[in-house]
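Please read the following account with the sequence and the model side by side. The paragraphs begin with a pocket and then turn to strands, rings and charged side chains.

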Amino acid sequence: MNRNRVELAGNLTRDVELRYTASGTAIVNFGIAVNETYKGADGEQKKEVDFFDITFFGRRAEVIAEYFTKGMPIFIDGKLKLNQWET
């Protein structure tokens, strides 16, 4: 079975950007920071932060744009898509 599922819990790093396609589909983009705290080999507490760019479409995009702003916590359940560009 093939599966591409990701669950992320973090805080918005910037306000959401809502826009619409020519056909009227809502698209929202924002970033989140996911914090992790763990004990290193030396026994000291360590912190690590991962940053993710997030995109939602349709009604979910409109709801996120209406209720979420920078700094708010959010839980995301979705799929991972990797984009690569050549300069």
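The lining of the largest pocket draws at least two residues from each of E1, E4 and strand E5 (73-78), where strands (E, at least two residues) and helices (H or I, at least four) are DSSP runs numbered from the N terminus. This is a predicted model, in which local features need pLDDT of at least 70 and side-chain atom pairs count only at pLDDT 80 or more, while totals for chains, interfaces and linings use all residues. Residues are numbered from 1 along each chain as its sequence is written, and side-chain values use heavy atoms, with hydrogens and water left out.

Which strand gives the largest share of that lining? The strand is E4, with six residues. In total 20 residues line the largest pocket, and Asp53, Ile54, Thr55, Lys79 and Lys81 are those nearest its centre. A pocket here is an open set of points, on a 1 Å grid over the protein atoms alone, where a 1.4 Å probe fits and protein lies on both sides within 12 Å along at least five of seven lines; lining residues have an atom within 4 Å of a point. The volume of the largest pocket is about 690 Å³, taken as the space filled by probe spheres set on the points, with grid points joined across faces, edges and corners. By residue class, the lining of the largest pocket holds ten nonpolar, four polar and six charged residues, where Ala, Val, Leu, Ile, Met, Phe, Trp, Tyr, Cys and Pro count as nonpolar, Asp, Glu, Lys and Arg as charged, and the others, Gly among them, as polar.

Strand E4 also has a partner in E3: the two run antiparallel and are joined by 13 bridges, with two strands taken as paired if DSSP finds at least two bridges between them. Within this pairing, Thr37 stands opposite Lys47 in E4. E3 and E4 form a hairpin with five residues between them, and Gly43 in the turn has a positive phi of about 90 degrees. On its other pairing, E3 runs antiparallel to E2 and is joined to E2 by four bridges, and Tyr20 has Ala26 in E3 as its bridge partner. E2 and E3 likewise form a hairpin with five residues between them, and Gly24 in that turn has a positive phi of about 95 degrees.

Gly31 is found in strand E3 and counts as buried at 1% relative accessibility, given that buried means under 20% relative accessible area, exposed over 50% and partly exposed in between (1.4 Å probe, protein chains only). Although Gly31 and Ile54 are 23 residues apart in sequence, their C-alpha atoms are 5.7 Å apart in space.

How many aromatic pairs does a search of the whole structure find? The search finds one aromatic pair. The ring centres of Phe30 and Phe56 are 6.4 Å apart and the planes lie at 5 degrees, so the pair is stacked; rings of Phe, Tyr and Trp (its six-membered ring) pair if their centres lie within 6.5 Å, and planes under 30 degrees apart count as stacked, over 60 as edge-to-face and the rest as tilted. Because Phe30 lies in strand E3 (residues 26-39) and Phe56 in strand E4 (residues 45-57), the pair ties together parts that are 26 residues apart in sequence. Phe30 is buried, with a relative accessible area of 0%, and Phe56 also counts as buried, at 16% relative accessibility.

Turning to charged side chains, the count comes to six salt bridges, each being a side-chain nitrogen of Lys or Arg within 4 Å of a carboxyl oxygen of Asp or Glu. Arg14, which is partly exposed at 30% relative accessibility, takes part in a salt bridge with Glu17 (3.7 Å, N to O), and Glu17 is itself partly exposed, with a relative accessible area of 45%. Arg14 also meets Asp53 in a salt bridge (3.5 Å, N to O). Since Arg14 lies in the loop between strand E1 (6-12) and strand E2 (17-20) and Asp53 in strand E4, this pair ties together parts that are 39 residues apart in sequence. Asp53 counts as exposed, at 65% relative accessibility, and is one of the residues nearest the centre of the largest pocket. Elsewhere, Asp42 and Lys46 meet in a salt bridge (3.9 Å, N to O), and Arg5, Glu7 and Asp77 are linked in a network of salt bridges.
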